[in-house]
Amino acid sequence: MYKNTVTLDFAAIVKPLIIMFGLSEAAVDMSFKVPASAAQDPVKNALQLPGDKPKSLMHHGAEFTHEQLLPGPRYAALENAVVRSLQANLSMKNTHAQFYVQSRSDAYTSVSLCNWTLFVLSSAIPDALFGPKLARGNIPLLNAFDSFSKYNWKLWYGWKDANDVRKYKDAFVSEIDKFLDLPLSEREADESWLWQRMETAYIAAGMSRIDITQRAGLLFWVSNSNPSRLSFWILNFLLFRPDLFDRVKEELHAAMPSPDSQLDTDKLANESPLLNAVIEETLRIVIEGASVRIVTDPKGLQIGGKVIPHGARLFAPPRQLHMNEKVWPDAKSFHPERWLAKDVPGKKDHYKPWGGGVTFCPGRFLAKSTIRCFLAIAVARYDISLGPWQVEAKFKLDEPVNGPVYPIEGMDLKLRLRVKH
Ligand code: HEM
């Protein structure tokens, strides 16, 4: 399904979705329109891009995204900025610690795991993309964004009463608007190459300022709603499996032996098999949602002996693949060791947490690195343990979600963080 871009169309799905998000129809038309020639391509001209093929704004945007998010010369700058953000956010002295600290004693600080991962991680990737002036310590933005992340399914599924989601969306996007109002001289130095390119491209194409704000909101959302929740689940699984956590800590310590040492991100990526197995296994069991395409062939589409009619929406939910007992024995249980085998049987065809085809998530490298760095810095700075009477969180499966599931309400975990000296 992912590879078929001729009889299965993604643009037809995306256009109404981004209009629902708040982009004007004019901006959407402008985004998909291919200029008549390279000489008339405003983005090419403004950025002096090579090549003689004109491209739509969407096409240019995807190329910029790939150029910085996929491993290559521009990727390291983003990863370094994420590490700087995590170093700052993982201090108990920062302005938003009050939102996750529940109590303090001489021996340890008690925190809510949900809020800790939310307030530390939700500004890490935005800090790298837009610089720290947008999200770091911006409580109204982070709170509104959290509520939007939780309920945005109401927008996509056309829920009758979605006013609350629009309110959350407007609240977080209005913070982005304030940020874009800053003079370039106050934000440019910390912004990523990617956002600078995108903003220049939107301006060159003639997009209005309000539409540029909405586009920044879309990038904020697509890049940011998953890593914090994924980290919640990873710590939940590890804290209830102390032997496994100890083995993972050995890999984390090898990459960052003390709070002051330089973090070795290559070691985390390439020499930490158990840590990476824990991340893959968590993705396998917590990811919900579906990639969606529309059948555009007037004759319909034949798949597995069945004809899907023209105009139908085709949903590809990864959960069914991820829970296939024939491929993943004891599929509902958390067994990271299954990823340590040389050939993991389901990896190619029964594992799709990042989607596939033209929309294959380009942020997967940065997302995984962010989570690994978060764990390495957290474990270097703190002894992390469960507070008393904690029970392992359970999945909330009664509402749709795109990305990692939420825990059932009230199933947050209380942690004790003891500073290491
Ligand atoms: C754990 C974290 C993440 C997960 C599970 C995830 C998952 C996904 C999935 C499943 C898709 C495909 C959607 C579809 O086919 O309909 C996607 C697309 C995308 N993701 Fe991610 N993502 C994550 C993090 C990120 C990050 C950190 C970034 C950017 C920094 C990012 C940027 C994007 C973009 C730009 C697309 C759209 C690609 C396109 O349409 O061309 N993602 N992601």
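Biologist: Where does Trp 389 lie?

Modeller: In this predicted model, Trp 389 sits in the loop between β9 (382-386) and β10 (395-396).

Biologist: What makes the phi of Trp 389 worth a remark?

Modeller: Most residues other than glycine have a negative phi. Trp 389 has a positive phi of about 55° although it is not a glycine.

Biologist: What is the phi of Asp 330, and where does Asp 330 lie?

Modeller: Asp 330 is not a glycine, yet its phi is positive, about 55°. Asp 330 belongs to the loop between α19 (318-322) and α20.

Biologist: How do you know whether Asp 330 is buried or exposed?

Modeller: Count the other C-beta atoms within 10 Å: for Asp 330 there are 9. The limit for exposed is 12 or fewer, so Asp 330 is exposed.

Biologist: Why is Val 82 called buried?

Modeller: Buried requires 20 or more other C-beta atoms within 10 Å. Val 82 has 24, and therefore it is buried. Val 82 lies in helix α5 (residues 75-89).

Biologist: Which residues does Val 82 touch, leaving out those up to four places away in sequence?

Modeller: They are Ala 124, Ile 125, Ala 128, Leu 366, Ser 369, Thr 370 and Cys 373. Ser 369 is 287 residues from Val 82 along the chain, and their C-alpha atoms are separated by 8.9 Å.

Biologist: What makes Gly 137 partly exposed?

Modeller: Gly 137 has 17 other C-beta atoms within 10 Å. Gly 137 lies in the loop between α8 (132-135) and α9, and touches Asn 94, Thr 95 and His 96, not counting residues up to four places away in sequence.

Biologist: How do α9 and α11 cross?

Modeller: The axes of helix α9 (residues 139-151) and helix α11 (residues 163-181) come within 8 Å and cross at roughly 145°. The crossing of α9 and α11 is left-handed. Among the residues that make the contact are Leu 141, Phe 145 and Phe 148 of α9, and Val 165, Tyr 168 and Phe 172 of α11. The residues of this contact divide into ten nonpolar, one polar and three charged.

Biologist: Which residues come nearest to the ligand?

Modeller: Of the 21 residues around the ligand, these are Ser 223, Asn 226, Gly 355, Cys 361 and Gly 363. The shell around the ligand has 13 nonpolar, eight polar and no charged residues. Helices α4 (57-69), α14 (209-224), α15 (227-239) and α20 (364-381) each supply at least two residues of the shell. The largest share, three residues, comes from α4.

Biologist: How do you know that the radius of gyration agrees with that of a compact globule?

Modeller: With 421 residues, a compact globule would have a radius of gyration near 22 Å, and the protein has 22 Å, so the two agree. The C-alpha atoms fill a box of roughly 65 × 60 × 45 Å along the principal axes.

Biologist: How many helices and strands does the protein have?

Modeller: There are 20 helices and 13 strands. Of the 421 residues, 38% count as buried.

Terms used. Residues numbered from 1 in each chain as written. Predicted model: local features only at pLDDT ≥ 70, side-chain atom pairs only at ≥ 80, totals over all residues. Axes fitted to C-alpha atoms, helices over the stretch in contact; angles between N-to-C directions. Helix = DSSP H or I, 4+ residues; strand = E, 2+ residues; numbered from the N terminus. Left-handed = near helix turned anticlockwise from the far one by under 90°. Contact = placed C-beta atoms within 7 Å. Nonpolar A, V, L, I, M, F, W, Y, C, P; charged D, E, K, R; others polar. Near = placed C-beta within 6 Å. Rg over C-alpha atoms; globule rule 2.2 N^0.38 Å.
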